[in-house]
Amino acid sequence: MATTDDSAGAWFGSDGQVSQLRGLLFKAGCLGATLLALFLVFVFLVYVAVDAIEPGTADPAWWATVAATVAVPAVALAAYYYRYDPRAGEVAYTAVGLPIAATLLAGGVGIVFRHIVSPHEWLALVVAALVAYGALEVHDRVRRAGAFERAAIGAIVLVVTIVGLPGLVPSLRSLILSLPVLPMAPLSLLGTFVVPVALAVGWYVRRERESERAGLIAGGATVAAAALGAVAGPVAGVSWTTWLILTTVVGVPVGLYVERVLSGGEGVSGLALPVALAAGVVVCAVVVETAGFTGPDVWLDWEFLTNAHNRTPREAGIYPALVGSVMMIIVVALAAFPVGVGAAIYLEEYAPTGGLLGSFVELVEINIANLAGVPSVVYGLLGLALFINAGGLQPGIVIVGGLTVALLILPIVIVSAQEAIRAVPDSQRQAAYGMGATRWQTVRTVVLPRAMPGILTGTILALGRAIGETAPLLMVGVAAVVRISPTSFFGLFSAMPRQLYSWAQLAKPDFYHGVLAAGVLVLLIVLLMMNGTAILLRNKYQRRD
Amino acid sequence: MSDTPIEADLTRSANGRIAKERLYHGLLFCCAALTVFVTVGIVATLAIDALEFFGRVDPYAFFTGTEWVLRSENPILGILPLLSATLVVTVVSALVAIPIGTAAAVYLSEYASDRMRSVLKPALEILAGIPTVVYGFFALVYLTPWLQQIGLGVSLFNLLSASIMVGIMIIPMVSSISEDAMSAVPDSLRQAGYGLGATKFEVSTKIVIPASISGIFSSYILALSRAIGETMIVVVAGGSRARMFDPSQPFANLLNSGQTMTAAMVQAVTTDLSGGTAGYYSMFAIGLTLFAITFSMNLLSNRIAARYREEYQ
């Protein structure tokens, strides 16, 4: 970048050939710098993967089989898509990524039903909520009363059905839970988890296709597939509950996507990639089994995902931290999403521009931009002082960790939601006001639905940031080793990054190059899937607008 | 939750509707006001506990002390060793991130084809999404042994490898904000340059970069403030022995372990200091210092960035 010579008086084209060479070098240098940054991190990632998988411990024949059955067909297909059919390529990568992301989500849902709300608790909650909703609807039909009476009735119904007054009025929810006979766990899930999902699917398909029949078929198929698990689950070697979660969380989105690609008729050949991959894996497994090749001695295996921490590296696992991360993310999402979106709506739709309040709003805007740059460790101190020292909560419990991280990602959620809301064309708002809608009705029915994809993208990215945060958790006293998964939001927990840090402190080679690498890989895969989903969502809706 | 989107509800009294509107307005306002509360909360909690700390330790001794030994009994608390280590990390990471990040921004904004950009930008975004504890792990487990292999006598925990990793971490920040600034330069300026017979190189370095210099500087300041506040990388890879910067051997400081302000805070909270001792409260004093530094840097960066936005809109 030798541009120090005084060029103010010089004619720009005067140095002809030389400047061409200089320009080329400059361009190459800039490209090289970009690639260098990416390459360095790529090298680190390869090292982590090698440490976690230990490819050297496998038979060369095992690798040859994998290459022949899985890698070569996949690469060939990818080359074909790149060269001849980019649209099919997009379909192919979505069709491969979607099942993987959905399986991770299914794992999260499974953890929720296993550790946070048992199927029976969920049943009681859903039934109580339905009763509450029904009671409010009936009241609404019978007495068209003013807002205050409705609010009061709403509060009473909520107390009677869901919350209850401890010691005085048992809630409907706890009454249901204390019933002597409750349906089996999978049956309760079928009724209160699968059926609502099926209703949503049916509604969505009906709207997309504008056909009553298609909606019924889609909804019915969802329930039928889940119910089939009573027979097919044990045959396939999984419990009915697992089957049920897999079919609803993985089967439904994959089915909808495949169906849409097939009926759209665009890029159908992209579906060949996941089919080829799946077939390749099956063939590979059969060949390896019959020929007796030994596979690599991977650190990142099923035991790693389901064990707790152990001093013996081979037996150490990440399960309690995984559960802790899922629970923490639930707290973060519940706390940061409504507040963040609410603040964004206020700033974009309600905030006055002039007067005293206007300057307050300006202050809020500047403040949010600055909060986004406050170091995460300072948020940890805030959490420590606010929730533990002042609020009297116990250090290291899920709710404290979650709320602290929620404060940290709040500015990110607000800024991205503001951008999404700003992107909604003003003409739509004017149209709604012109029809006599109030401000809140406009926000609820016009602005929010259009801005939702953008808001969700920003929120997923922010939650990805939340999953990886370590320093705030250290500050609020999240324990180094937690061997038992937390059972409530007030239980002690560990999270994945916290667990990684305590392994890093152990300073043993087997932990460095085995357990730690496997844990890093798990964390990165989760993050990659979340960020990938967010970016896909963004691209899809950006193109539509 | 009804299916009909906008209810043409003319029978209900307007009072209810107005009350509802007011309720939502108030709720949303509270959400926005909460963010101010967060800032006030940070300042207040840090200030209260820092005052508690300065009741036990002389502020002058704290800000000028050149030794930091954290223990329950008679700790020696002087912030300068921590400040110097933070400075070292910031300077080295800036040396890594600023040239690479700026060059990447120039490439993405001026040279890259659409296809290239559609690959490189998400890749850089992914770089920005990697958790810092993972970067710390990279530094400790891979980078430090490499540095040892190429003959730098680094110890197991050292500031050099931590700083390089912090630099790599903040590259996406420099490149994406600088690129936004460069893309905001109107094309008419570039075309005027080409019209005078300038080459692409000359347009990039003599027109685009000077025109977007305020945005580029704002990205530098923001990235440096991020480096100052970075915790996990230096905690994992930098070690936990506070050393005062020794100007007679500048490189020795890099090759040995050191403790930054953030690392000292983590150490104060993770070692079993009984609450109420000066050592425990010291982290609030450090936190306040850290917050003051980063907050003013962010404020400065936003001011500078606001200038270039005004210039071209």
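A:Glu54 sits in the loop that joins α1 (16–53) to α2 (60–84) of chain A. Helices here are DSSP runs of H or I with at least four residues, strands are runs of E with at least two, and both are numbered from the N terminus. The phi angle of A:Glu54 is near 50°, a positive value in a residue other than glycine. A:Glu54 counts as partly exposed because it has 16 C-beta neighbours inside 10 Å. By definition, a residue is buried if 20 or more other C-beta atoms lie within 10 Å of its own, exposed if 12 or fewer, and partly exposed in between, with C-beta atoms placed from the backbone.

This is a predicted model, in which local features need pLDDT of at least 70, side-chain atom pairs count only at pLDDT 80 or more, and totals for chains, interfaces and linings use all residues. Residues are numbered from 1 along each chain as its sequence is written, while chains are lettered from A and ligands numbered from 1 in the order in which they are written.

A:Glu210 counts as exposed because 9 C-beta neighbours lie inside 10 Å.

Chain A as a whole has 20 helices and 0 strands. Its C-alpha trace spans about 85 × 75 × 55 Å along the principal axes. Of the 545 residues in chain A, 39% are buried. Two residues are in contact if their C-beta atoms, placed from the backbone, lie within 7 Å. Among contacts in chain A between residues at least 6 apart in sequence, 74% join residues at least 24 apart.

Both chains have a domain assignment, with bounds that come from an automatic or database source. The table lists the domains.

| Chain | Domain 1 | Domain 2 | Distance between C-alpha centres |
|---|---|---|---|
| Chain A | 86–301 | 306–544 | 24 Å |
| Chain B | 1–56 | 68–311 | 35 Å |

In chain A, 12 residues of domain 1 are in contact with 16 residues of domain 2. The domain 1 side of this contact in chain A has 8 nonpolar, 4 polar and no charged residues. For these classes, Ala, Val, Leu, Ile, Met, Phe, Trp, Tyr, Cys and Pro are nonpolar, Asp, Glu, Lys and Arg are charged, and the others, Gly among them, are polar. In chain B, 9 residues of domain 1 are in contact with 8 residues of domain 2. There the domain 1 side has 6 nonpolar, no polar and 3 charged residues.

Within chain B, helix α3 (residues 80–111) and helix α6 (residues 159–183) pack at an angle of about 40°, with their axes 6 Å apart. The axes are lines fitted to C-alpha atoms over the stretch in contact, and angles run from 0 to 180 degrees between N-to-C directions. The contact of α3(B) with α6(B) is made of 22 nonpolar, 9 polar and 1 charged residues.

Between the chains, 82 residues of chain B are in contact with 80 residues of chain A. Helix α1 (residues 14–56) of chain B gives the most to the chain B side, with 23 residues. That side divides into 51 nonpolar, 23 polar and 8 charged residues.

The model scores ipTM 0.88 and pTM 0.87.
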